[in-house]
Amino acid sequence: MGTYRVMRQDDNGNRFLVAAELARPEAEALAAEFEARGHKQLYWVEAVPNRIVVGGALIHRGRVLAARRSAPPEVAGGWEFPGGKAEPGETEPEALERELHEELGVRARALHRLPGSWLVRPGLELRIWAAELVTGDPQPLQDHDQLRWLGPTDLTTVDWLTHDREVLPHVADLLH
Ligand SMILES: Nc1nc2c([nH]c(=O)n2[C@H]2C[C@H](O)[C@@H](COP(=O)(O)OP(=O)(O)OP(=O)(O)O)O2)c(=O)[nH]1
């Protein structure tokens with residue numbers, strides 16, 4: 001899964017981005033339209049893989065950590081699994097362990113990915129991993145203003161972000 005972009009190369013060999021985050025048919029139509037204008041330029045379409053956001057269902061003593069976002073406005077007040085975008089060259093577990101350290105001040109270990117993936121916006125794909133707490137007591141250092149440990153009976157008592165709700169049955173399986 002990913003998006004498509006249209007590129008252009010001028011006759012000096014310089015490459016430019018013409019348009020990004022398109023569906024394949026739109027990208028191909030746009031490239032063909034520019035091509036048909038007959039300038040001395042090359043146009044082509046490239047597939048761009050989605051950027052991955054990793055959220056961590058952090059488990060400790062039969063409970064999972066929910067975090068309430070403080071920003072940006074579109075998601076502030078919603079509860080999520082803390083995490084963030086993987087940097088180029090980082091694996092999903094590496095990204096998650098780094099983000100949990102930055103956001104909560106803890107050391108955690110990513111265990112396995114839970115089923116499902118969700119498009120947050122074009123080009124940005126959310127995946128959720130189970131993780132276990134290794135050391136530290138989570139604090140809302142960045143991006144969150146409240147944290148709550150939830151057990152099997154209160155897992156649905158917070159206002160989860162839309163995509164996160166879909167993974168809750170799999171998270172419930174990890175709590176006992
Ligand atoms: N981290 C996280 N983000 C989620 C979840 N569910 C969900 O819809 N999102 C959305 C909210 C954001 O729009 C986007 C993740 O961006 P982010 O702000 O956490 O990523 P980041 O820390 O790397 O951000 P940035 O500073 O690099 O922009 O995904 C979730 O469970 N965890």
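Trainee: Quick one about R61: is R61 buried or exposed?
Mentor: R61 is exposed in this predicted model. There are 8 other C-beta atoms within 10 Å of R61, and a residue with 12 or fewer counts as exposed.

Trainee: Where is R61 found?
Mentor: R61 is in the loop between β4 and β5. Have a look at its backbone too: R61 has a positive phi of about 50°, although it is not a glycine.

Trainee: And what about E21, what is its phi?
Mentor: E21 is not a glycine either, and its positive phi is about 60°. This residue is found in strand β2, residues 15-22.

Trainee: Which peptide bond is cis?
Mentor: The one that joins A71 and P72, with omega at about -15°. P72 lies in the loop between β5 and β6.

Trainee: Where does E26 sit?
Mentor: E26 is in helix α1, residues 24-36. It is partly exposed, with 15 C-beta neighbours inside 10 Å. E26 and R5 are 21 residues apart in sequence, and their C-alpha atoms are 9.4 Å apart in space.

Trainee: On to helix α2. How far apart are its end C-alpha atoms?
Mentor: They are 18 Å apart.

Trainee: Which residues of α2 are buried?
Mentor: A95, L96, E97, E99, L100, E103 and L104 are buried.

Trainee: What do those residues pack against?
Mentor: The buried residues of α2 pack against strands β4 (51-60), β7 (83-85), β8 (107-113), β10 (124-135) and β11 (144-150).

Trainee: And what comes just after α2?
Mentor: G105, which takes a positive phi of about 75°.

Trainee: Now α3. Which of its residues are buried?
Mentor: D164, V167 and V171 are buried in α3. They lie on the same side of the helix, because they cover an arc of only 70° around the axis.

Trainee: Why would residues spaced like that point the same way?
Mentor: An α-helix has 3.6 residues a turn, so residues three or four places apart point the same way.

Trainee: Which residues are on the other side of α3?
Mentor: T162, R165 and P169 are there, and they are exposed. The buried residues of α3, by contrast, pack against β4, β5 (63-69), β6 (79-80) and β10.

Trainee: Last topic, the ligand. Which residues come nearest?
Mentor: Of the 14 residues around the ligand, G55, E80, F81, G84 and K85 come nearest.

Trainee: Which element gives the most to that shell?
Mentor: Strand β7 does, with 3 residues. β4, β7 and α3 (162-172) each supply at least two residues of the shell.

Trainee: And what is the shell like by class?
Mentor: The shell around the ligand has 6 nonpolar, 4 polar and 4 charged residues.

Key: Residues are numbered from 1 along each chain as its sequence is written. This is a predicted model: local features need pLDDT of at least 70, side-chain atom pairs count only at pLDDT 80 or more; totals for chains, interfaces and linings use all residues. Helices (H or I, at least four residues) and strands (E, at least two) are DSSP runs, numbered from the N terminus. The expected span of a helix is 1.5 Å times one less than its number of residues. A residue is buried if 20 or more other C-beta atoms lie within 10 Å of its own, exposed if 12 or fewer, and partly exposed in between; C-beta atoms are placed from the backbone. Two residues are in contact if their C-beta atoms, placed from the backbone, lie within 7 Å. A residue is near a molecule or strand if its C-beta atom, placed from the backbone, lies within 6 Å of it. Ala, Val, Leu, Ile, Met, Phe, Trp, Tyr, Cys and Pro count as nonpolar, Asp, Glu, Lys and Arg as charged, and the others, Gly among them, as polar. The arc is that of the directions from the helix axis to the C-beta atoms.
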